[in-house]
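Have a look at the sequence and the fold, then read on.

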Amino acid sequence: YTFGVVARDGGGLSGHSQVHIKIMDENDNAPEITTLSVSSSIPEDSPPGTVVALIKVRDRDSDDNGKVWCELEGESPLSIVASSGSSYKVVTASALDRERASEHNVTVVASDRGSPSLSSRTALSLSVSDV
């Protein structure tokens with residue numbers, strides 16, 4: 001905000017000044033995760049890189065407070081890769097084997113670069129179908 005200030009004394013003299021106020025963003029919004037699509041089941045012979053979920057992340061803050069990155073929590077044959085804008089893809093990172101694990105549960109964690117950092121989580125469940 002910018003505005004002018006005028007001060008006048010009783011003798012008719014006056015002074016002028018400009019006041020500039022910059023509002024700093026407080027990191028008061030955690031990232032919001034929206035699941036756009038998710039496969040409930042995927043064949044065990046799916047090649048690495050097969051997309052199993054699409055997610056979008058949004059943070060209402062600005063500057064570093066609004067910059068977000070995503071990662072998967074825990075170990076699984078899945079990984080997360082940035083797509084366009086604030087979208088991410090959860091993809092198969094390695095071969096799937098239904099006999100070893102018929103289901104994979106992962107948690108997507110979105111964190112901002114604010115100080116202190118805020119984060120959100122959402123769980124995804126993927127069934128592996130037999131081939």
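## A charged trio

Arg 58 and Glu 32 join their side chains in a salt bridge, with 3.9 Å from N to O. This pair brings together distant parts of the chain, since Arg 58 sits in strand β5 and Glu 32 in strand β3 (residues 32-38), 26 residues apart. Please keep in mind that this is a predicted model. Arg 58 is partly exposed, with a relative accessible area of 45%, and Glu 32 is also partly exposed, at 33%.

Glu 32 has another partner: its side chain meets that of Arg 60 in a salt bridge of 3.0 Å, N to O. Glu 32 belongs to strand β3 while Arg 60 lies in the loop between β5 and β6 (68-73), so this contact ties together parts that are 28 residues apart in sequence. Arg 60 has 51% relative accessibility and counts as exposed, because the cut-off for that class is over 50%. Through shared partners, the salt bridges join Glu 32, Arg 58 and Arg 60 into one network.

## Another bridge between strands

Which residue pairs with Glu 73 in a salt bridge? The partner is Arg 121, and the N to O distance between the two side chains is 2.9 Å. Here, too, distant parts of the chain are linked: Arg 121 is in strand β10 and Glu 73 in strand β6, 48 residues apart. Glu 73 is partly exposed, with a relative accessibility of 37%.

A search of the whole structure finds four salt bridges. As a general point, side chains of opposite charge can pair when their charged atoms come close.

## A cavity lined by strands

The lining of the largest cavity includes Val 38, Val 52, Leu 78, Val 90 and Val 106. Among the other lining residues are Ser 39, Ala 53, His 104, Leu 124, Ser 125 and Leu 126. Three strands, β5 (51-58), β9 (103-112) and β10 (119-129), each supply at least two residues of this lining. Of the elements that contribute, β10 gives the most, with three residues.

## A nonpolar patch on the surface

Back on the outside, Tyr 1, Phe 3, Val 5, Ile 21 and Ile 23 form a nonpolar surface patch. Together, these residues have about 530 Å² of accessible area.

Is Tyr 1 buried or exposed? Tyr 1 counts as exposed, at 68% relative accessibility. In the chain, Tyr 1 is found in the segment before β1 (2-8).

## What the record lists

The UniProt record, an unreviewed entry, lists "domain: Cadherin" for residues 1-33 and for residues 34-131.

In the model, residues 1-33 are 0% helix and 48% strand, and the end C-alpha atoms of that span are 33 Å apart. Residues 34-131 are 0% helix and 55% strand, with their end C-alpha atoms 31 Å apart.

Key. Residues are numbered from 1 along each chain as its sequence is written. This is a predicted model: local features need pLDDT of at least 70, side-chain atom pairs count only at pLDDT 80 or more; totals for chains, interfaces and linings use all residues. Side-chain values use heavy atoms; hydrogens and water are left out. Patches are made of residues with over 30% relative accessible area and no salt bridge: like charges are joined within 9 Å, nonpolar side chains (Val, Leu, Ile, Met, Phe, Trp, Tyr) within 5 Å. Accessible areas come from the Shrake-Rupley method with a 1.4 Å probe; for residues, only the protein chains shown count as cover. Helices (H or I, at least four residues) and strands (E, at least two) are DSSP runs, numbered from the N terminus. Buried means under 20% relative accessible area, exposed over 50%, partly exposed in between (1.4 Å probe, protein chains only). UniProt positions are given in the numbering used here, feature names are shortened, and annotations may be inferred rather than shown by experiment. On a 1 Å grid over the protein atoms alone, a cavity is a set of points where a 1.4 Å probe fits but cannot get out, and a pocket is an open set with protein on both sides within 12 Å along at least five of seven lines; lining residues have an atom within 4 Å of a point.
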